[in-house]
Amino acid sequence: MSEVILDTITGKSTATTITIGSTPVVSASANSMTIRGEGSNQTSIQQGLCKFFSQIEGEGTISTRDSFNQSSISDNGTGDYDFAFTTNMGNDDYAQMSNADSASGHIAMQYSQGEQHTTGCRIFCTEIHANNSTDSDVIMVTVHGDLS
């Protein structure tokens, strides 16, 4: 097996583009890097990646099952949770997706009454059929946007 160890790769024809065969794979410019995606589409590495995720145990004593970029979670009462980011978002206009244990008929949604901040986000969990606040066994949250 061969091994290549280096500090810098420079494109042959363009210093900011790396090509494998005849396919441009990576292109970089100031504060932006794209990688070849499906077909001829380019995907921004900075914009296209999840910047935060968390899966928590939301019943009883809340606890994190798995997470990325999460510094803490807070239980604000029945079905109401705050998630704090380790690295803040660049603004509060990020996209947030959430879900809860659907087998129990629970859903989780972004709590958007001024509770989406650069430092964290808030989730509110409710029962679909009863329209009541509820704790849920599994709550999942992801955030996409720009880190500060």
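Biologist: Which strand does aspartate 75 lie in?
Modeller: Aspartate 75 is part of strand β7. This is a predicted model, as with everything that follows.

Biologist: Is aspartate 75 buried or partly exposed?
Modeller: Partly exposed, because its relative accessibility is 35%.

Biologist: How far is the C-alpha atom of aspartate 75 from that of isoleucine 62?
Modeller: The two C-alpha atoms are separated by 7.1 Å, and the residues are 13 apart along the chain.

Biologist: What does β7 pair with?
Modeller: Strand β7, residues 70–77, is joined to strand β8, residues 80–85, by six bridges, and the two run antiparallel. One of the paired positions is isoleucine 73, whose bridge partner in β8 is phenylalanine 83.

Biologist: How many residues sit between β7 and β8?
Modeller: Two, and the strands form a hairpin. Glycine 79, in the turn, has a positive phi of about 70°.

Biologist: Which residue has a positive phi although it is not a glycine?
Modeller: Asparagine 69, with a phi of about 65°. For background, most residues other than glycine have a negative phi. Asparagine 69 is placed in the loop between β6 and β7. It counts as buried because its relative accessible area is 11%, and the cut-off for buried is under 20%.

Biologist: Stepping back, how many helices and strands are in the protein?
Modeller: Zero helices and twelve strands. Buried residues account for 28% of the 148 residues.

Biologist: What is the order of strands in the open sheet?
Modeller: The order is β6-β5-β12-β9, four strands with antiparallel pairing. At the edges are β6 (63–68) and β9 (95–100), each with a single partner strand, so one side of each has no neighbour in the sheet. From one strand to the next the twist averages 10°.

Biologist: How many bridges are there between β5 and β6?
Modeller: Five, in the antiparallel sense, with β5 covering residues 52–57. Glutamine 55 has aspartate 66 in β6 as its bridge partner. These two strands also form a hairpin, with five residues between them, and glycine 60 in that turn has a positive phi of about 65°.

Biologist: And how many bridges join β9 to β12?
Modeller: Six, again antiparallel, where β12 is residues 139–144. Methionine 97 is opposite threonine 142 in β12.

Biologist: Changing topic, how many salt bridges are there?
Modeller: The count is four. One of them is arginine 65 with glutamate 57, where the closest N and O atoms are 3.0 Å apart. Arginine 65 is partly exposed because its relative accessibility is 42%, whereas glutamate 57 is buried at 16% relative accessible area.

Biologist: Which aspartate does arginine 65 form a salt bridge with?
Modeller: Aspartate 137, at 3.2 Å between the closest N and O atoms. That pair links distant parts of the chain, with arginine 65 in strand β6 and aspartate 137 in the loop between β11 (120–127) and β12, 72 residues apart. Aspartate 137 is partly exposed, at 27% relative accessibility.

Biologist: Which residue meets aspartate 80 in a salt bridge?
Modeller: Arginine 122, at 2.6 Å from N to O.

Biologist: Which residues make the nonpolar surface patch?
Modeller: Ile107, Met109 and Ile128, over about 230 Å². Isoleucine 107 belongs to strand β10, residues 106–110. Its relative accessible area is 32%, so it is partly exposed. A patch residue needs over 30%, so isoleucine 107 passes that cut-off.

Biologist: Last one, which strand has the lowest mean pLDDT among the elements?
Modeller: Strand β2, residues 23–29, at 68, while β6 has the highest at 96. The protein averages 82, and 84% of the residues score at least 70. Where pLDDT is low, the predicted coordinates should not be read in detail.

Key
Residues are numbered from 1 along each chain as its sequence is written. This is a predicted model: local features need pLDDT of at least 70, side-chain atom pairs count only at pLDDT 80 or more; totals for chains, interfaces and linings use all residues. Side-chain values use heavy atoms; hydrogens and water are left out. Two strands pair if DSSP finds at least two bridges between them. Axes are lines fitted to C-alpha atoms, for helices over the stretch in contact, and angles run from 0 to 180 degrees between N-to-C directions. Patches are made of residues with over 30% relative accessible area and no salt bridge: like charges are joined within 9 Å, nonpolar side chains (Val, Leu, Ile, Met, Phe, Trp, Tyr) within 5 Å. Accessible areas come from the Shrake-Rupley method with a 1.4 Å probe; for residues, only the protein chains shown count as cover. A salt bridge is a side-chain nitrogen of Lys or Arg within 4 Å of a carboxyl oxygen of Asp or Glu. Buried means under 20% relative accessible area, exposed over 50%, partly exposed in between (1.4 Å probe, protein chains only). pLDDT is the predictor's confidence in each residue, from 0 to 100.
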